[in-house]
Each structure stands twice: as C-alpha cells, then as structure tokens.
Amino acid sequence: MAVEHYDLFVIGTGNAGKHVAYEAVDAGKRVAIADNREYGGTCANRGCDPKKVLVGITEVLERSIDLHGKGICDLPKVDWKDLMQFKETFTDAVPFTTERKLEDMGMDLYHQSPKFLDKKTLSVEGKTVTADKIVIATGNIPLALKIPGREHALISDDFLELEELPESIIFIGAGYIGMEFAHIAARCGVDVTIVDVNERILSNFDEQLALYLQENSEQLGIKFIFNARASAIEKLRKNYRVTLDQDGKDVEVKAEMVFNTAGRVPSIQDLDLEKGNVAFSKKGIEINEFMQSPTNANVYACGDCTASGSLPLTPVAHQEAYYAAKNILNGNHTKLDIPPTPSVVFTQPQLATVGLNEKEAKEQGYAVVVKAQNVPKWYNSKRMNQNCYAFKTVVDKETGYILGAHLLSWDAAETINMFVMAMCGKLDVNTLKSMVFTYPSWSNDIKSMI
C-alpha cells in the first residue's frame, strides 16, 4: 500500500490548526488535517461560542431582575428548550461548513487522532502517512476525576447539550467553567452547589474581586464548599451523592446531576508522542520560541495543547498559530510574542483581568501605584440598580504605564479592552486621563480607575 506524503500534516481543526493549514495551502503546500471529534474545534462547537449564547439570555434575565420595580413590571421567563434550539443555530452547521471549506481548499481530511510511528511518520485511519512538517493543535480536554464513581460526572460538553435542566446540580471545581455554568443554571432556577479544593473561587484572579463575586453568587443562591476534595460519586435512586474530604472529615452532598469542572489538560494522550520524539509534560507539548519541538525539528505545536505559558484562550491560540505558520513556511525567523492578553469570567457581574497583579509587579521589581475600590454607587452601576462594581489597577510609578487591570462589573468584558489597548499602545495614565470618551459609559470610568 502506497504511503501518502504531505508537506504539512495538521492535527486539530480548531482555530489554531485551521489557521496554519490555511496559510500552508495559500503558500502552495500539500496539506492534510485530522481530528478525532467533529471538525471546528472546542470554541465553536462546545466552548466559548455556544456558552456565550446561554450567558446572553441569562444577562437579560438578570438585568430585568435588577430593574424590577424601577420601570420593569413583569419578569421574563427562560424557556430552556427554546434557548437550546437558538444555541444550535450557532453550532449545528460548524462541522459541515468547516469540512467543506477545508476540502474546497484541496486538503485531505482524516477523522481520527493520528499516532506517531517515528519523527515524520503517522498512522491514521489504518493508513501510514509521512509529512515534512507536523503541527499539533489538539487543544484541551476536561481533567479526569480519579475517584470511584467518576463515570457519573458529566462535563461541560454535556451541559451545553442538556435537553432540560435538573432541579439541582453540583459542580466540582470553582474555576471559570464551573462559575459560568453555575450562574447560568442558578438564574434558570436550579439549586446549585460548587465544591472546590481551594479556599475561594477563581484562584487565578484577583483575590478581593473574586471574593466580591463569590458574595454576589451567594446572594444568587449558589452554595460553596471550600477546602474540599471529591473522593467518590455514588448513584442513588434519583440523585447522586458526592463524598468530600474536607479537612480530614467526610462531607456528603446530593444533587440530581454532578458536573466535573475541575479544570482542563492538554489533549495529547493518544498521539504516542514518545515514538515521535516529541517532548511534553503535564503542561503540554514543549516548544521553543519558534513554536517548534526542541526534540523533533519536524514538529510544531500551537494553542491550548502547548506548554508555551500563554493563557489557554482562543485569541491566544490564533496568535500562536500565526507564528507557527510563519516559521514553518519561512524558516525559524519569527519568535513568539504574545501581547498583554485579557481573560474574562462570563458570570454576571463579569470578572476580567489583564497584565500583572500587585504581587507579580513587585516581584518583577516595579515600584507601583495601586488603586483599588468597591464602587457600587458609581453612576453606571447605580443606573442598572446593581450592587457589585469594583476594580484594581496596578501602574508603574516611574513611567505611568499600566501594568495590570482587574475589573468586576456588568461590562467588564468590554471595558477591559480599553486597558489592553492602553498597555499595547504604551499610553501612560496622564494620556488616558486627557482623552475624551463617550459619557455616560463604562469605558469613561477607566479615567477614575487610574
């Protein structure tokens, strides 16, 4: 049987993998691409995009509740089935349209996770293929719970496909996935409990702002159990019982559904990377500044599956893919350079961050000016009749440049982008303060935050 040879073989059809493949085809290369799931990747099929559709509806509900009695008379109700049908208008066509575009561009498509046979050879769909260059862009998958009864725990994919909501849910993990889905479920009337091994929610975000969000979540009815590690899940007649180890004592909680939201890890376990001499760790595929494997010069990697140290976000994956493509096509001349990158938790209020926190800035030797306030009486929060608006900014005392910004507000996901532009554009605080923004707007508030 003849061995197929390609100039480039891409593993993964999300934003990162597709971008490298498109660039290679445009450069006249023979390209193949593979995926062991539906084409289009996590974000479009079962991640950011469908999640935000659900978030959008619950934002309408929250805004109505905040303004109930302030001009709003009748509160809207969420029809979950209608909402899921609306969500499907964004996701159903993704695999087909992705495959059609890739085929139309002349790529060969495979529907299996390839395995390395050696440094340039792969086995896929029972065929042996070789490639001058191989790109790994397989993304992340949920971290497995290594406990008895783990098969009873659902994952984020399942939440986005629920035909109807249960009466109660336990989320194991208070990271951004658990918090976002908890807020959606709670606003739709579900009794929600969140369990986490840490002392608080969202350990990667500013502690004080995260605590404000935690308090707001408790007002919504969400219950938290901290310093607790899930040790077993047991199926009962109607509910599931989750046993927790909390400070050496067993604690039991019950709910109709249990979701594993304990985090995500690189999806690289099925690739037989050792046979390809591709270095990896628990953090993902090891790469150098050119997005290339330091142990196999034929292999590049980009996106969430890498150990690049960048945030596992769709825009970052696209940035990494840009550098991988340039270096594959033009030789290793362009080093990875990721600009200040914002991250958002799409709860309500939203929690957003970019850059350094106060501790990190001081550890890097900066003399800093820190401004932190809880400002629910500021106009934009007050006009929405909300009680949760806070910020913290970290500024370099010597240059006036913004080193970091952390926001908790209704509009944090958009307002944070103003800080991103200021940081990327090297705008000092005096320049920002001298600018004229629309008023009254959330963005105008940033001049009072620095």
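Predicted model: local features only at pLDDT ≥ 70, side-chain atom pairs only at ≥ 80, totals over all residues.
Strands of a sheet pair through backbone hydrogen bonds, either parallel or antiparallel. Here, four strands line up in the order β10-β9-β8-β14, and the pairing is parallel. The sheet is open: β10 (223-225) and β14 (257-260) sit at its edges with a single partner strand each, so one side of each has no neighbour in the sheet. On average, neighbouring strands are turned by 20° against each other, if direction is ignored.

Zooming in on one pair, β9 (residues 191-195) is joined to β10 by three bridges in the parallel sense. I194 stands opposite F224 of β10. Helix α7 (residues 176-187) lies across β8 (168-172), β9 and β10, and runs at about 165° to β9.

Setting aside neighbours within four places in sequence, its contacts include F171, G178, M179, A182, I222 and F224. I194 also belongs to the largest nonpolar core, which has 66 residues. Along with F159, F171, V192, I201, I402 and F419, I194 is among the residues that touch the most other members of that core. As for helices, α12 (residues 412-424) gives the most to this core, namely eight residues. There is also a second, separate core of 47 residues, with L102, I134, A137 and A325 among its members.

Helices α3 (48-66) and α8 (207-220) each supply at least two residues of the lining, and α3 gives the most, with four.

Strands β4 (residues 115-118) and β5 (residues 121-124) run antiparallel and are joined by three bridges. D118 has T121 in β5 as its bridge partner, and a hairpin links the two strands through two residues. β5 also pairs with β6 (residues 127-136), again in the antiparallel sense, over four bridges. In this pairing, L122 is the bridge partner of V129 in β6. The hairpin of β5 and β6 has two residues between the strands as well, and E125 in that hairpin takes a positive phi near 55°.

Notes: Residues numbered from 1 in each chain as written. Heavy atoms only, no water. Pairing = 2+ DSSP bridges. Axes fitted to C-alpha atoms, helices over the stretch in contact; angles between N-to-C directions. Contact = heavy atoms within 4.5 Å. Core = buried A, V, L, I, M, F, W, Y, C linked by side-chain atoms within 4.5 Å. Buried < 20%, exposed > 50% of the residue type's maximum accessible area, 1.4 Å probe, protein only.
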